Every structure is written in C-alpha cells, then in structure tokens.
Amino acid sequence: MSAPDNVGPHSPANADSSHVGHSEQDVNSLPLYKELCILAQQAYKQYETRGDVKVLEFAIRSFRLAMEAAEDDNPDKAEIIANLGVSLNVRFECVGELRDLEESISLKQLANALTPDDSPDKHRQLLNLGNSLFSRFEREGRAEDLEEAIELQTHAVELIPDCHVDKPSLLNNLGTSLRMGFEQSGSTNDLEKAIELHTRAVELTPEDHPNKPIRLINLGSSHLRRFGRLGNLEDLERAIAVKRRSVDLTPDGHPNKPAYLAGAGSSLQTRFTRLGDHADLEHAIVLHTRAVELTSDGHPGKPMWLDNLASSLQDRYRRTRDAKDLEEAIAHQFRAVELTPDGHTEKTSRLSNLGIKLHTRFEQSGNLDDLDQAITHKATALTLTPEGHPNKPSQLHSLSYSLHERFERVGDVLDLEEAIKCSTRSVELTQENHAERALVLRFLGTLFLIRLRSPHAHADDASRAMEAFLEAMQHAASHPLQRLRASYQYAELLTGFSHLLTTPPRLSLLEAWKHAISLVPQCIWLGNNVRGRYTSEELSVVRAVVNDAATAAITAGEYGLALEWLETGRAVVWSQVLQLRTPLDDLQRLHPQLADRLRHVSHALELAASGSPSMPTEARLLSSSPDIQAPSSHGYALEYNKLISTIRELEGFEDFMQPKTLSQLAGACTSGPVVVINVHKSRCDALVLYCAGDVVHIPLPELSLSRAIDIPDYLWNLLRAKRFLNRCRSDMQDENDDRGGRVTEMEPSDMMRKILADLWNWVVKPIMDIVCTLEPPSTTLPHVTWCPTGPLVFLPFHAAGIYPKNERTSTPSQTIMDLAVSSYTPTLEALLKPRTRVTPAGQDPRVLIVSQPASPLAINNPIPGTTTEAAVVMSLVGESKPLDDADGTVQAVLEGMATHEWVHLACHGAQNRKDPTNSAFILHDGHLTLAELMSHHLPNADLAVLSACQTATGDERLSEEAVHLAAGMLNIGYKSVVGTMWSISDYVAPEVMRVFYTVMAEQVKAGGELQPAYALHEATKVLRGSSGRGGVNDFLRWVPFVHFGL
C-alpha cells in the first residue's frame, strides 16, 4: 500500500502580511532597522515570485540585521523577530536544515511572548509559531508539537473576521493541521473539519494570489484522504481537479513546484488504483519523476516524492511485468527510507512500502531472501507504529499477506497462525465505514480457508471464513471488485465445504450468486475509455463469476435464471456503450429535465469512451489543466450513475436500464430458437430459448472443458500454419509455405473434417436432436441462432457435421446445414431490434459498395478480385454508390454508411491481437477501426456485408466480449451482418456474393421480411457443392462465411 503525498502545507506567505509600519517619507530618512526591513520585504516578495533561494538568503540576512539594529524596547521588535522566523522556516522547507527550523521556533516563541494579547498582530504571531511547530512535527513526529500547533492556530482563527486579509492563510493552516490530526488518530471529525476549512480558504483567496496553489493542494489532499477512508469517488475527482489547478497556477522554478507535481501525481495514481485507467498511471509517473528531478536530496520532501514514484513504478510493473520498473521502484524506495530520519512520522510507512516492493520481487523471482526481508521491514514498521495510528490496520494486513506467502512456500504453520492473528487484528482496527474493509475481511476469510484445507484446521474455520466473506460482499462502501470476489468465495465455500459449517449459512448458494451478479455492472468503470475497460482486471473476474454462477443455476434447475446471468456477463463493454444510446421517450415526456441531462451526460461518455490515451509528457499533461468545475469522463460517469439511481426512484421507472429479464429476452427468438452454450469444468450444457419464454435444457455429456479448449486450439493452429489470416490473392500461395509450422501430420482438409465432426458429435447433434423435434413442420429449414460462450465462441457451429472424405465411403453425411439455417449473436439483447424493413416494401435499399483492390496500406497484398466482386454486387442491387480504390477513404466510407441502408465492404480486414479495438477495415487512406465504429450510431442501418478477412474472428482472451468488426457493425445499428471467421479467398468471395445478392434481390422484390441468413446459407451451399476448388472438402474456403443478427 503506497503512502499518499503529504505536501508541506503551510504557506510561506506570512511575510507578505508581516509588515513594519512606516510613512511614505524618503527611505533614506528612516531608521536603519526600517530600511533593512524594507529591503528584506522586497527580497522576500521577489523570492515568492521567482523562487530563487539566493534572494531568500538576502531577505534572511536583512531581517537579521534589522533585528540587531532595533532596540529591545522598540514596538516593532516583535514583528521583525517574527519575520526572521518566517523566513528561516521557509528556508528549512527549501533546504531541509533542521537548525533553521529550531531557530525559527525560538524566534517565533519570542515574538509571540512580546506581542500583547490585544495587539492586532497577535493572530500572526500565533499563526507563525503554529506553522513552525507543525513543520517540526512533520520532521520529527512529536505529537505535542501537533497538538500545540492546532491550539495556536485555532486561537488565531478566532481572533479575526472572514474579511481579514489573513483569514484564508489561518483557515488553510488549521485545516492542514487537523488533517494531520486525522492521520494520527483516525478521527473523521478532524477530516471533515479540515475539508470545511480548506474549502473556505480557497473560496476566500483571489485567483491571482501567490498562495492560491498551496491552498488548492491542501484542499485536494484532504479530499484524497476522505476518499481513502470512505471510498467516495466524488472526493477523488475533486482532489484531481484542484491539484492539477495548483500545478497550473505555479510557475516553473518555484520552490513549491515539485510538491504540487507530486500531489497531482498521487491523486492520479490513486484513481488508477481504484478505476484502472492506465493513462492515469502514466501521467502519475511523469509527474512523480519530475518532482524527484527538481528536488535536492537535502529537501525534506524528497523522500516523499521518491516514495510516490516508487509506488507508481511498482503499479506499472504489475500491469506490464517489466522487471526494470520493479528494480527502479525498489531502488527509489530504499533511497526514500535512507533519506527519512529515524523518528519521522512517515518512516514507518516507507519501511512498510519497501517491504511491499520486496514482496513483489519475491513473487517475480521466487527468492526467499526477498520475502524474508519484506517480512522484516513490515514487522519493523508495525512495531514502530503507535496503537491508534490510522496506518496500523493496513500494515497488519500487509504483514499478514507476506506471512501467508511464506507459509505457502515453506509450510511453517507458525507463519500461518501469525498471519491469521495479524489479519484478525487488522479487521478489528478497520472502521466499519472504511473503504478497505471488504479487502481485509476477504483476506481473513481466505486465510481461514487455507487453514481449513491444511492438516492444522480448526473446527470453526469454515464458518469464520463464511462470516468474513459475507460481511465483505455486503460492505457497500468498498470497491465493487472486492465485494464481487468475496461473493465468489462465499459461493465457492458453500459449494465445497458446506458440510463443515458449524453455523447455518445466512445466504443460500443461489442467493450468493445473485448478489455477485448484481455487482457485475458496477465493476467495469464507465468513466474509462473502451480500450481501458477491455484490458481491465475486472473483466476476467466477471467472466469467471458469471460462468460459475450460471453453472450453479443450471445444476439447481433454474434455467431461466442461468440464461439471464449469462446475458449479464456477455459483451459487458458493448452493453455499456449501447446503454448510453437507450431511447428516452417516456422519460422525456414525464421528466424532460432529467432526460435532457441524461442525454447530455451519455453523449459526453460516448465521446470519452472512444478516446485513446497517449503517452504523456509533463508539458502536454499540464498545459491545459481542466477547470475545477469541468467534469472529466470519470466525473460524468459519477453523474451518470447518480442520474440512473434518481430515475429508478421515480414511479414507473423502477426497472429503467436494468438488465433484461427472461420474458424480455424471449423477444430475441421471433425468427427461431437461440442456443446459448455454457462450458464449465464441472459440466457443459445448452440452453435453448424460445419466443414464448420457454427454456429447454440440453445436457452435453460428451463435451468437457478440456475438449472445448482443444477444438479452437486445433483450429487456430491450423489457420496460423496455413496462413489463413489475410484475404488471399487469386493466385493462392503454396500450401507448403508453412510459416506457422506443422501442427499435425493430417492434411488440412482432414484436420477440418475432424474438427467439424467433433463439434457435431459433442455439441451440435445433441442440440439439434431436441430442437428438430420441437420445430413445427415446415417446407423451409428452421432458423437457429448460436450464442456460445467461453472457448466455444469462435467455432463454426454452422458447418458442424460428418463429411465423408469421398463419395465411395459408406458413411453418409450428417450436417447442421441439412437441418437448419444458422446465425450467430454476441448477446440476446443484440437481437431485440425492430424486424421491420428500414426501406418500404418494394423499394430498393441504398447500397454503399466499397472496394480496395490495391490499398496503399496493403501494397504487398493486392486483392484484384474485389473489383470483380464490386461489379457483381452493383449489377444485382438497385440504387448504389461505389467507392472504389482512391475514393474509399475513411471519411467517405463513414459518410456513406450514414446515408445508405446497406454497406458492402470488399477490402482487407485485420484483427489486432495486441489491441482488439484497433481491429480494422484497411481502406485507401487509413484504417477504419473498431474503436472508431463504436463512436457511431446508425439507426437507419440494415445490412452490412463484410467481405474482408477476420471480421468475425475476435480475441480468445476476450471471448465473452465479441471484440470484432462484425459485432461492431451489429452494435452500431446494422440488423444483419455477414462476416468472416478467418481469411477468405479473393476468387471465392465474388462467387459467394453473386448468389447471396441474387437471393437478397429476390427477397427485396417479394416485399416480405428480409432473411440474409437464408441468402448466405444458399450461397454457401452452392459454393460447397461446386466441383472446383471450393468443393465440400475445401473447408477453409467455404466455412468462414457467417451471419450475425436478424
């Protein structure tokens, strides 16, 4: 756990309000001490503006000479002494020489003693002395210094009205001291009062005042502390905004610039930790690095800046696994500890942070010496931390974690017992409303489970683990991901150890899973851009939870519930994007102001979602710091959630934007049943949904998780080996040119035959045996939509079957294509679109035809067949607009898609493995990426034909998220999408499209409902039956064409 920034809080501005009265007569006629005071004040003003320490040195010398020149009974003596004390305090903050601080305190004590209680300057003396005592508390940790500082500052605040020029400074300093009081005692009353005082100080300070930045940074720090305690994201957003503003207002070269940079960096790092936005982490590292570079080793703030930089580098290591980041983090942390004097209040947190980083290196290298050192440092920090200190619970938790790791590695039960003891104490000390309470509770439950599985189990371990998980999952103030994990562990405990419980569970297994599912929408933060959401840790946790929950529901016979839960966990990010486009007609009619605001916030979030973070520089990060009141994407996400909660409290809107129920999802099945397949380590099942809301359960006993993983592995290895990852030229490459290496001794056709047979025997045939018996008699084939999950997502269910190797074999063919027309859908909700035609019956749709035979961006892989293909399409459709070659720019295609109901894209397509949101159509002047498509909404779109490679490929790491171009087109408004599962041949595509558009033209002419799935089925059937290279056994040529949607 990283130590947050602790910027030196006291403004050095007391010299600007510390003055010696004099008339406007010629300075040369003034007494010497007054002349010296004027010179000192002028020098101090220059220091405040320029930050030049040499100018400050001149001011100190001048004040010292003035003090010596003034007689003891001079009425200005106290003021001169105080000003010298202020200047010395400022030099201490810049240089770190303790003797400056000690002399400052002595001088200020003397000045205060010389100032009568009824003097108009009394509040300044109290303020000055309080500042220096606070500085010494920060340096040496003397509790009595902090107590005396608060007492003096409180008295000073009471002495003057709000209109007094010194009031903001007094409010600011008292607020900072109270915040530090919270740090020591954990009293939230101190923290609330600190925020109130800091807010008043900022409000009373003019924008151009030199002390505005320090008051902003202190306000931000107090909000950041309250966020850390209570977990309210509004506090975090406020902290970031005001700290950025403090940097913006401070010129380069100012002595406080490093502190403000570090403060802004720490707030961004905190947001990364909470919300997972990688751009925040990169920004934080830039700011922390700059703060360290600008600060000398003797500066008292240097250890803190090093500590912050070390923690941010460790966070980046955890994301990227770059060992260089971790080594730098450890080096910086060691230096931070070395530079922190013994007895300093932050010494313990920096020791603990060093232990955390050494533990992380142990996890990387397995070196037990690192783990032993980590435990030593953490134990030392814990010993040095007094009882009642707010850091005590986190230090106990951290030590417990390392002890548990050593037990797992070495097996010494004493480590496990000590870990449980520390974790139990951590829970006891963590207050009920603390944002980290679920974390410490969940870990305590985990330790009880570990002991339960060991030979050293206690009789009540299962029950104690259950209680810890239950409290964690229900702790509303904690991070949703921690609560989700606790729910998962509670359910796992009931599944595996319910017989060992000494007390009955308060929630049943399905109740626990229901609670977990309710947390899913909260776990993927709407304020992050789409790329960040796809790479978040939360998404993998959500997948595991939904899979286990649905399996539990199936086991319990709750098939409808299982279907609802599977839908909740499918395409979570897409669902968030589409939710922002929810029609608001009813809300607009009854509550227009709420509707208008929700529409505005949703639009802002849509714009932010498609943004891509760039690597920051300090200048770019800070040159356009946002206005304090201007919401960020995270601010809009907070407001969005509040608006949704407010709307759901209105009569008639209780289910507004809630997950769809089974009865609502049944609307996806009006053209035929939808088959959802769930794969789990314990069982595999199909759930078939019909339009009446009936769910038919079909066990798949021949399918296992290992088999479900093996099938796509064989397919992908085959495709890589045979280079089916790009649209191929008509002069097909030699199949012996095997860049991927031989994956099997079997011929490609034999390998595909086996894959399709396994898919048929283990999955499709058991399903179709039941579905066919439930379908009413008809002269046309029934329509089945496949919605597989997990590793099955990218498999060709539409082509599954037994295919004889040649006509002489005695084995008859058995294929899905003989029984049904197949489509796919990423989610059930994607099918809940109006089925009416976009264009009136009898009227030809407008068709945009894009072809790229030789894009400059794919110069080495021309596809001349796209010109033929475009001509074929144009001859078969009515009103059309061609965009061939140079006309097919990204902008032209997007504009054309907005004005045409159908679009045909004949070009290269590519699935980006590193960043799926950058999967793209390769056009003449650039890439039309999935990320770009996600920012568009085409309500009048109807059909998209993607005659390009890998448009329905997706990413196996994000199997549930449908991160491919076909799903993208479906989700931006197209009702039907024809795509490809892998590379297609340049000579095959025109043949497929000739049949497809012929059938589509007949459907348009007939005036009934358009059925692209049937048209593609017919086209594939013709290709499969041809005697040329596209025959039935040339699977890699005809299988990739697939239909998504209606």
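Buried means under 20% relative accessible area, exposed means over 50%, and partly exposed lies in between, with a 1.4 Å probe and protein chains only. This is a predicted model, in which local features need pLDDT of at least 70, side-chain atom pairs count only at pLDDT 80 or more, and totals for chains, interfaces and linings use all residues. Residues are numbered from 1 along each chain as its sequence is written, and side-chain values use heavy atoms, with hydrogens and water left out.

**Exercise 1. Work out where Arg321 sits and whether it is buried or exposed.**

Step 1: Let's start with the location. Arg321 belongs to the loop between helix H14 (302–320) and helix H15 (323–339); helices (H or I, at least four residues) and strands (E, at least two) are DSSP runs, numbered from the N terminus.

Step 2: Now the accessibility. Arg321 has 54% relative accessibility, so it counts as exposed.

Step 3: Finally, the backbone. Arg321 is not a glycine, yet its phi is positive, about 60°. Most residues other than glycine have a negative phi.

**Exercise 2. Describe strand E9 through Pro882, then go on to Asp885.**

Step 1: Pro882 is part of strand E9. Because its relative accessibility is 40%, Pro882 counts as partly exposed.

Step 2: Look for partners next. Leaving out residues up to four places away in sequence, Pro882 touches Ile849 and Met874, where contact means heavy atoms within 4.5 Å. Pro882 and Ile849 are 33 residues apart along the chain, and 4.7 Å separates their C-alpha atoms.

Step 3: Follow the chain onward. Asp885 lies in the loop between strand E9 (880–884) and helix H36 (890–899). Its phi is positive, about 55°, although Asp885 is not a glycine. With 29% relative accessibility, Asp885 counts as partly exposed.

**Exercise 3. Find which residues Gln482 touches, and say whether Gln482 is buried or exposed.**

Step 1: Gln482 sits in helix H22 (residues 480–497).

Step 2: The relative accessibility of Gln482 is 15%, so it counts as buried.

Step 3: Setting aside residues up to four places away in sequence, Gln482 touches Ala438, Leu439 and Arg442.

**Exercise 4. Summarise the chain as a whole: how many helices and strands are there, and what share of residues is buried?**

Step 1: Count the elements. The chain has 41 helices and 16 strands.

Step 2: Check burial. Of the 1046 residues in the chain, 60% are buried.

Step 3: Turn to contacts. Of those between residues at least 6 apart in sequence, 72% join residues at least 24 apart.
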